[in-house]
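Let's take a friendly walk through a protein model and look at some of its details. Keep the sequence and the 3D view at hand as you read.

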Amino acid sequence: MSPFGPRPPRAHASVDNLRTHLLDGARTAPHRPAVIQAAPGGGLETVTYGELAARTDRCADALDDLGLDVGDRVVIESDTSADAVATLLACATLGLPFVPVSPGLPDERLRAVIDGAGPALYLQAEDGRRTGIPEPVGTGRFGPHGPTLERAPAPRGPRRRRTVTPVDTAYIIFTSGTTGRPKGVTMSHRGVVSFLRGVQASGFLTPRDRVASTAPLQFDFALFDIGFALGHGAALVPVPRDRLSWPRRFLSFLRETGATQIDAVPSLWRPVLRHEPGMLAELGESGTVRGVLFSGEAFPPAELRHLQKLLPGADFINLYGPTEVMAISVTRLPNPLPAGAERLSIGTAVPGAEMTLIGPDGRIVDEPGRIGEIHVRSTSLFSGYWNDPQTTAAALVPDPLDRASGRLVLKTGDLASHGPDGDLYFHGRADSQVQIRGNRVELGEVEGRIAAFPGITGAVAAVLPHQDGEPRLHVFVTPAPGSPAPDPKEIAAFVRAALPAYMVPHHLHPVDAFPLTPNGKVDRAALSALVPS
Ligand SMILES: Nc1ncnc2c1ncn2[C@@H]1O[C@H](COS(=O)(=O)NC(=O)C[C@H](N)c2cccc(Br)c2)[C@@H](O)[C@H]1O
């Protein structure tokens, strides 16, 4: 009996809870590998479903004894690992929303997340190096034997809640929102589990798969990988951060672990394609890689074609969606992409969700080719931005097709059009539509054209201010190693041959690599710093 009175009953297997959904594999096949990871002393170690469940319950018992209540937040600072998974599943078991942050997060950003979330407890991996967590937050570390407490959480008073329900918060993801203050995307157990069930219906994974996960834990892509792998009884293969920074080390880790599925943002592939196409081709020939899943940003078609050529036997899966609904669609793309395809399909929503395009007039847009803003109906809708009802009301709006119902839909801020086949095609963010001399320019079109120029492996376009007040179109390109710096006049002619004159870039900047956000996407806000002064 814990000093704080009777323990609340654990989440019952019949109701949606992240722990019960993901540890089902522990009941049916406890000896199967759940996590295959780099071992601290080098080499690899395997944690089975049975062992993962045991670590989860050890951690849940220890957290339970602290007298935390359903709804009390726990910050987890770690890379993806078996112990991080056990800790977040322990939180799910007790209804403690976890707030994942990555070790690289600067101190002041972590301070902002802690100010925002008001956590009861902060836990880091046993080898974590963070110091200076402010009172009254409790602090501790976790390892294979569960958590060890350093500073007890402030006394919480008697428990008010009996048990965790599917509409309770599973996690809060703080996104580096464009405005300074980070927004906390609050996701319920029902939201996560219903999306994972929807993806399962597509049948992309079998229990024999090994899913290489490359996203930082603070990005819901990492949470997806955990749910995707464990929900199928497959093995999760977290790729260590120091393996991601070098293409050779990344590819050798994929080979050593026998990864069959590689999940990454498109930009992660750019240096691999540029510097190690041969080693990538060898991995392709080995036949172990069955699938490449990507999300977070549009995969530039020229780069995707190059990757498909090197991994001919793999499925290429485009996962689209904002963190506010976890995601929405999972689309297997044609391999190879049809020649001339300028835009990738984001398909149709997973079972249980629906995307509709709404025009500026609030009416549905459904004739092919016309652009509208994606609105989403789904049981995976987030509960709201943490402690921010105004911003929530701007995103969760009355259903424009069914106002009387009181039901809300997510207004995504993303533009798309229907293809002839009914699939949706992504046209960028509504707030990133730019005008050049009064003409609407879709940056993706300019980038796609320039990336197809021989000797260029990647292109990112941006409209940047100019002292004469007239904004200018800049393009940053990564030339293939050993290729001469591209001639701006040749590029201009190449663009003019396919696009209207106003899409011809004013400035061309060859760069070694594009700046990336902490989640690994191209950091468009950082491009202006690359313009030579
Ligand atoms: N496949 C695409 N093609 C093009 N543009 C994409 C794609 N996926 C996103 N985006 C863009 O990224 C925005 C959203 O950013 S986000 O909130 O940080 N979330 C993300 O990126 C990650 C996303 N939630 C995700 C990723 C993997 C698994 C899960 Br489960 C969830 C979307 O609104 C889109 O603008």
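Where does Asn387 lie?

## Positive phi angles

This is a predicted model. In it, Asn387 sits in the loop between strand S19 (384-385) and helix H13 (389-395). Although Asn387 is not a glycine, its phi is positive, at about 55°. With 65% relative accessibility, Asn387 is exposed.

Now turn to Met326, in the loop between strand S14 (315-320) and S15. Met326 is not a glycine either, and its phi is positive, near 65°. Its relative accessible area is 5%, so Met326 is buried.

## Aromatic rings

The model has nine aromatic pairs. In one of them, the ring centres of Phe98 and Tyr171 are 5.7 Å apart and the planes meet at 45°, so the pair is tilted. Phe98 belongs to strand S4 (residues 98-101) and Tyr171 to strand S8 (residues 169-175), so this pair ties together parts that are 73 residues apart in sequence. Both Phe98 and Tyr171 are buried.

Another pair is Phe294 with Phe299: the centres are 4.8 Å apart and the planes are at 85°, so the pair is edge-to-face. Phe294 is buried at 0% relative accessible area, and Phe299 is buried at 2%. Look also for Phe195, Phe224 and Phe228, which form one aromatic cluster. Finally, Arg449 lies over the face of Phe494, 3.7 Å from the ring centre.

## Cis peptide bonds

Glu135 and Pro136 are joined by a cis peptide bond, with omega near 0°. You can find Pro136 in the loop between strand S5 (121-125) and strand S6 (138-143).

The bond from Asn335 to Pro336 is cis too, with omega about 5°. Pro336 is in the loop between strand S15 (329-333) and strand S16 (345-347).

Methods:
Residues are numbered from 1 along each chain as its sequence is written. This is a predicted model: local features need pLDDT of at least 70, side-chain atom pairs count only at pLDDT 80 or more; totals for chains, interfaces and linings use all residues. Side-chain values use heavy atoms; hydrogens and water are left out. Rings of Phe, Tyr and Trp (its six-membered ring) pair if their centres lie within 6.5 Å; planes under 30 degrees apart count as stacked, over 60 as edge-to-face and the rest as tilted. Helices (H or I, at least four residues) and strands (E, at least two) are DSSP runs, numbered from the N terminus. Buried means under 20% relative accessible area, exposed over 50%, partly exposed in between (1.4 Å probe, protein chains only). A charge sits over a ring if NZ of Lys or CZ of Arg is within 6 Å of the ring centre and within 35 degrees of the ring normal.
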